[in-house]
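Hi,

Here is the structure I promised to pass on. Have a look at it first, and then read my notes below.

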Amino acid sequence: MKKIISSLIVGVMTLALGVGCNQSAEQTKVLKVAALNGPTGMGMVQLLEDKEQYEVTLYQSPDEIVGKVVSGEVDLACVPSNMGAVLYNKTQKAVSLVGINTQGVLYIVENGNSINNLEDLKGKTIIASGKGGTPEYVLTQLLKSAGLDPEQDVTIDYLTNHTDVVTKLVAEEGTIALLPEPHVTIATTKQASLLVAVDLNEAWKEKEGSTLPMGVILAQNTLVKEDEKALSSFLKDYEASVNFVNEKSEEAAALMEKYGIIAKKEIAIKAIPNCHIVLEQGETAKIHLETFYKVLEALNPKAIGGTLPDEAFYYNK
């Protein structure tokens, strides 16, 4: 009898240890997340602090993230909205759209005082960066909506990056630039006389009847299908981080400086309200993205990877 009791005790202890180990393994599972410096990464600040659950890596360029998604190296990725569609097609539908994380962040900024609306851009030169990306397509569509031919009525001079655009805008009077936040705030901090001439986000709402989705969150389908609990937990944590950024901007700005998302917290504090950091999910996200993708398809099918994403692209739980 003693031997039987001893065996039972050992068995129970072994089972308890096994359960404990499994629970520990679940708790220490780390999701790998790729994001960008700038608005698509700004909403991630609290997750950057939570190293027990998330391994967040920030990149300077969307191109740096493409290979990580295609290879399955990351579980989730925050990318420009058009790249979400491109990656869906590129991976043969191996990823899902789980949310919009950034609405419109594009503005026409002027070192002067001659632009009051899109029509005033006729005959002007606009400096910009992001050729082949969302900024180019948004500007092209809005110019057309304003009755302007982007190839005939305006000259668009594409520079290497947003920093170069800011430098030229600040240095040369009369310069007109297409810039996203937080670079608009960086520019106006350097020179207070710069004017935000046109809010392209409001212009898009007026012309297209929809908000302008600039950034999205993709999840590997392996995560969606095999560990929906982890995905759900991520989305809740991300939403909490978004609320933290928008409601406690000073604390969030300090973290953005800490992690190099924005160089100075003072700039981050000013930029946050105009970065339109959100978490839109389900049918709302689908409606806004479908409108946007149809516009891009008409302009250049390559902008979305050749074809419109089908119904399976949109995660709705």
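A helix here is a DSSP run of H or I with at least four residues, and helices are numbered from the N terminus. With that in hand, you can find T134 in helix α6, which covers residues 134-145. Keep in mind that you're looking at a predicted model.

First, the big picture. The protein has 14 helices and 11 strands. Along the principal axes, its C-alpha atoms fill a box of roughly 100 × 40 × 30 Å. There are 317 residues, and 47% of them are buried. The accessible surface comes to about 15,200 Å², with 50% of that belonging to carbon and sulfur atoms. As for charge, I get 28 positive and 41 negative side chains, and the centres of these two sets sit 7 Å apart.

How much of the contact count comes from residues 24 or more positions apart? Among contacts with a separation of 6 or more, such pairs account for 76%.

Back to T134 for a moment. T134 is buried, at a relative accessible area of 3%. Leaving out residues up to four places away in sequence, T134 touches P80, S81, N82, M214 and F292.

In general, nonpolar side chains in soluble globular proteins tend to be buried together. The largest core in this model has 54 residues, and the ones touching the most other members are I108, L121 and Y293. Helix α14 gives the most to this core, with six residues. Another core lies apart from it, with 39 residues that include A219, L231, F244 and Y315.

Beyond its neighbours within four places in sequence, Y293 is in contact with S81, N82, G84, A85, I304, L308, P309, F313 and Y314.

That list leads us to Y314, which lies in the segment after α14 (282-299). Is Y314 buried or exposed? Y314 is buried, with a relative accessible area of 10%. Setting aside neighbours within four places, its contacts are L97, K286, L289, E290, Y293 and P309. Take L289 from that list: Y314 and L289 are 25 residues apart in sequence, and their C-alpha atoms are 9.7 Å apart in space.

Another helix to look at is α8 (residues 183-190), where H183, V184, T185 and A187 are buried. What do the buried residues of α8 pack against? They pack against β5 (106-110), α7 (162-171), β8 (176-180), β9 (195-199) and α13 (265-275).

Last, the cysteines. A disulfide is a covalent bond between the sulfur atoms of two cysteines.

Cheers

Definitions and conventions
Residues are numbered from 1 along each chain as its sequence is written. This is a predicted model: local features need pLDDT of at least 70, side-chain atom pairs count only at pLDDT 80 or more; totals for chains, interfaces and linings use all residues. Side-chain values use heavy atoms; hydrogens and water are left out. Helices (H or I, at least four residues) and strands (E, at least two) are DSSP runs, numbered from the N terminus. Buried means under 20% relative accessible area, exposed over 50%, partly exposed in between (1.4 Å probe, protein chains only). Contact means heavy atoms within 4.5 Å. Accessible areas come from the Shrake-Rupley method with a 1.4 Å probe; for residues, only the protein chains shown count as cover. Lys and Arg count as positive and Asp and Glu as negative; His and the chain ends are not counted. The place of a charge is taken as NZ of Lys, CZ of Arg, CG of Asp or CD of Glu. A nonpolar core is a set of buried Ala, Val, Leu, Ile, Met, Phe, Trp, Tyr and Cys residues joined through side-chain atoms within 4.5 Å.
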